[in-house]
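Reader: I would like to go through this model with attention to how each term is defined. Could we begin with the sheet and then turn to the rings and single residues?

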Amino acid sequence: MKNAVSELAVSSSIERPPGFLLEPFKWAIPDVIAMLRDRPGHLSDLLHLSRTRMHLIGIALAHLESIKIQHFAEILFRGSAEMILDAAIGRRPPGLKRAITVMPNVLMERQSYRTLVELLVEPPAARLLYHTFEIRDSTIRMMNDVPGPLRAALFSLHDTIGDMSSFSEGLRCISLRSGRISFDELVSELARAREPSQFLAKLKAIVEGLPLPDVLPPARVQHATRIDSSHQLRKLGKQWGNCLGNYVWNVEHGQCAIYLWRDARVQAACSVTRCGRLGWFLDEVRGPENADIESPDVDNIQNAFREAGIPPEAAIGSIAQIVASDGLSPPRRRRRRVRGFPPPADITLPDLDCARLANPTAAP
């Protein structure tokens, strides 16, 4: 009777949307449901799942092929940390135990786990990760993308300034705006700063040395036409039921430009914003009544503007945060955990009995 009830519960979960108990698994929800459907006996394990095991499962699923996942259900739900790592990635990255204690209460992105394992093998990157107060997706992206000589400086600013994952792309934007200094030369110049305050001051000085944009962005960008008429902006805002009319002042004072994109697939209003000396950036892409535009169409629009020298505003986000900061070395914060239960003292999880591995249905 118990097995029949379990099978019924799992079958129902496949037919209906997953409940909030599975929300922390995010992208891994389909894999978790598939394992539970194949091995309903692990439903009780899900109820007692620790935060540590959740991240170990995330690491494993990020490295395993979908066709192999169900074969590892017993190990993932009941095996030790060592068994999970050996089965999924064939090694035990140094420092992973400490890293898991400062990860969020939900799974990180799939690629973040893969990149984390690679970074922990690099001694300089691993040393920085050992001393961070929190590891998020943005932390991993920053560590992976930022040139090695700048990692220590950026890492010291990460907790105070915020998401630094677009820093390298922002440096490339600065290089293009300057027209005289390459990306590698920028990195070398910034790497001379030994203290966070010196790093901030040097970067701000570089940005302040950029020339002011002396022209508006182009009148046409592929299927998009710039709307310079205040009357047309207000008229389009009324027709589309959005706030385009509120942009008139910004357009007239050279702070932004509004484009109307029209092709066979989509119509969209594109807001291009000036970010000081850094230039022009694509801010928002919205349809009539502020409707969201589907991802493939947004990507096409962003690529068209990027080819015209107008990258998405996210490209300069990290640099803009640094330039807007007060220029002081950020204070060292004490690590604070906000979670219902304290993490286990040891990452090692209960070992499986070898007999149960050979015969999962056997009684304990």
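Reader: At about what angle does α18 run to β3?

Author: This is a predicted model, in which local features need pLDDT of at least 70 and side-chain atom pairs count only at pLDDT 80 or more, while totals for chains, interfaces and linings use all residues. Residues are numbered from 1 along each chain as its sequence is written, and side-chain values use heavy atoms, with hydrogens and water left out. Helices (H or I, at least four residues) and strands (E, at least two) are DSSP runs numbered from the N terminus, contact means heavy atoms within 4.5 Å, and axes are lines fitted to C-alpha atoms, for helices over the stretch in contact, with angles from 0 to 180 degrees between N-to-C directions. On that basis α18 lies across β1, β2, β3, β4 (267-274) and β5, and its angle to β3 is about 125°.

Reader: Which strands stand at the edges of the sheet?

Author: Two strands pair if DSSP finds at least two bridges between them, and the open sheet of five strands, with antiparallel pairing, has the order β1-β2-β3-β4-β5. One side of each edge strand is left without a neighbour in the sheet because each has a single partner strand, and the strands at the edges are β1 and β5.

Reader: Which residue in β3 is the bridge partner of Thr225?

Author: Strands of a sheet pair through backbone hydrogen bonds, either parallel or antiparallel. Here β2 pairs with strand β3 (residues 256-262) in the antiparallel sense, over four bridges. The bridge partner of Thr225 in β3 is Leu260.

Reader: How many residues apart are the parts that the pair of Phe167 and Phe199 ties together?

Author: The structure holds two aromatic pairs, where rings of Phe, Tyr and Trp (its six-membered ring) pair if their centres lie within 6.5 Å, and planes under 30 degrees apart count as stacked, over 60 as edge-to-face and the rest as tilted. Phe167 and Phe199 form a tilted pair, at 6.0 Å centre to centre with 40° between the planes. Because Phe167 lies in helix α13 (residues 167-178) and Phe199 in helix α15 (residues 196-208), the pair ties together parts whose separation in sequence is 32 residues.

Reader: What is the angle between the planes of Tyr259 and Phe305?

Author: That aromatic pair is edge-to-face, with 5.3 Å centre to centre and 90° between the planes. The pair links distant parts of the chain, with Tyr259 in strand β3 and Phe305 in helix α18, 46 residues apart. Buried means under 20% relative accessible area, exposed over 50% and partly exposed in between (1.4 Å probe, protein chains only); Tyr259 counts as buried at 0% relative accessibility, and Phe305 is buried with a relative accessible area of 0%. The angle asked for is 90°.

Reader: Is Ala60 buried or exposed?

Author: Ala60 lies in helix α4 (residues 51-63), and, not counting residues up to four places away in sequence, Ala60 touches Leu76, Ile84 and Ala88. With a relative accessible area of 0%, Ala60 is buried.

Reader: What is the phi of Glu289 near?

Author: Glu289 lies in the loop between β5 (280-286) and α18 (295-307), and Glu289 is exposed, with a relative accessible area of 64%. Its phi has a positive value in a residue other than glycine, near 60°.
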